[in-house]
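Reader: Can you walk me through this one? Keep it quick, please.

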Amino acid sequence: MKTEDAKKLNRRTFLKIVAAAGASCGLSSAPFVSHAASDPERKLKIGVVGSGRIGGTLGGLWVKAGHEVMFSSRDLEHDKALAAGLGAAARAGTPRDAAAFGDVVLVAVPYSALPQLGKDLADLIKGKVVIDTSNPIVARDGDIATWARQKGAGLASAELLPGAHIVRAFNAVGAARLPTIAQSQGERIGMPIASDDANAVAMASRLIREVGFEPVLIGPLAMGKHLIPGTPLAGERTPEQIRKVVPTLS
Ligand SMILES: NC(=O)c1ccc[n+]([C@@H]2O[C@H](COP(=O)([O-])OP(=O)(O)OC[C@H]3O[C@@H](n4cnc5c(N)ncnc54)[C@H](OP(=O)(O)O)[C@@H]3O)[C@@H](O)[C@H]2O)c1
């Protein structure tokens, strides 16, 4: 497909997502999607794959927000200890257990783990909402990161986690800052997100708000290439600042 045609298609896809998810991501007053995410009373089950700095911290904050969270990694003992410190709403399991458990699955692993995880979890994450914090960092992840950066992190994750309804989020804000931001009473920091799926945007937006950020949908998953450290969207910005940056991106 020619680049201009691809851009138009991306734009059309994006407008459809905004129309469906607009009320949940602050972009328009379009009708709300009919989904569990639209019911703030319904507590969610969240599977965390990768319970390190980002996964462990976000999972803990979502437990505090009232959700049930299952933590997983390749170290079950670590995850059991993490869950034990968070109370009855937290538990531990394998990555397959967590992927099966979650209404939504948070994937927060080094990018080099995604190809194998995508295969191991394929039957479980197909059709599920997956929030993808994972960044391709060449110095850490090697060739897969080079490939992902060329393709764009959003489209690369979609290829590695086929069938999942991916939302890229939490990609360039420091894990250590999350607890402080979650408690902040001041103006909300914006969380730029990218996705092709309106329901996934609605569910992720709810979870993002519950940890103190204001979600800002910057576009379809193809725009996920801008959601990595070192881009103009990285770091902590107000929602308005994010919206001003987006039109300058290509
Ligand atoms: N730290 C940040 O501030 C930050 C901010 C934004 C985005 N990110 C991105 O988010 C991702 C996670 O970052 P992090 O800082 O949380 O890393 P981390 O602290 O090293 O945690 C990574 C987690 O993934 C697990 N893991 C690794 N390989 C795995 C596999 N094959 N299967 C299952 N679990 C696996 C690790 O546990 P085991 O090794 O024991 O399995 C660990 O629990 C990275 O891609 C990073 O670039 C990080």
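Author: Start with a definition: two strands pair if DSSP finds at least two bridges between them. Helices (H or I, at least four residues) and strands (E, at least two) are DSSP runs, numbered from the N terminus. By that rule, β1 (residues 45–49) and β4 (residues 104–107) pair in the parallel sense, over four bridges.

Reader: Which residue in β4 is the bridge partner of Gly47?

Author: Val105.

Reader: Before we go on, what sort of model is this?

Author: This is a predicted model: local features need pLDDT of at least 70, side-chain atom pairs count only at pLDDT 80 or more, and totals for chains, interfaces and linings use all residues. Residues are numbered from 1 along each chain as its sequence is written.

Reader: How many helices and strands does the chain have?

Author: Twelve helices and eight strands.

Reader: And what is the order of the strands in the sheet?

Author: The order is β3-β2-β1-β4-β5-β6-β7-β8. The sheet is open, and its pairing is mixed. At the edges sit β3 (90–93) and β8 (213–219), each pairing on one side only. From one strand to the next, the twist averages 25°. Axes here are lines fitted to C-alpha atoms, for helices over the stretch in contact, and angles run from 0 to 180 degrees between N-to-C directions.

Reader: Which strands does α2 lie across?

Author: β1, β2 (68–72), β3 and β4. Helix α2 runs at about 165° to β2. Helix α3 (residues 76–84) lies across β2 and β3, at about 175° to β3. Contact means that two residues have C-beta atoms, placed from the backbone, within 7 Å.

Reader: What does Ala204 touch?

Author: Val129, Ile131, Val167, Ala169, Ile193 and Pro215, not counting residues up to four places away in sequence.
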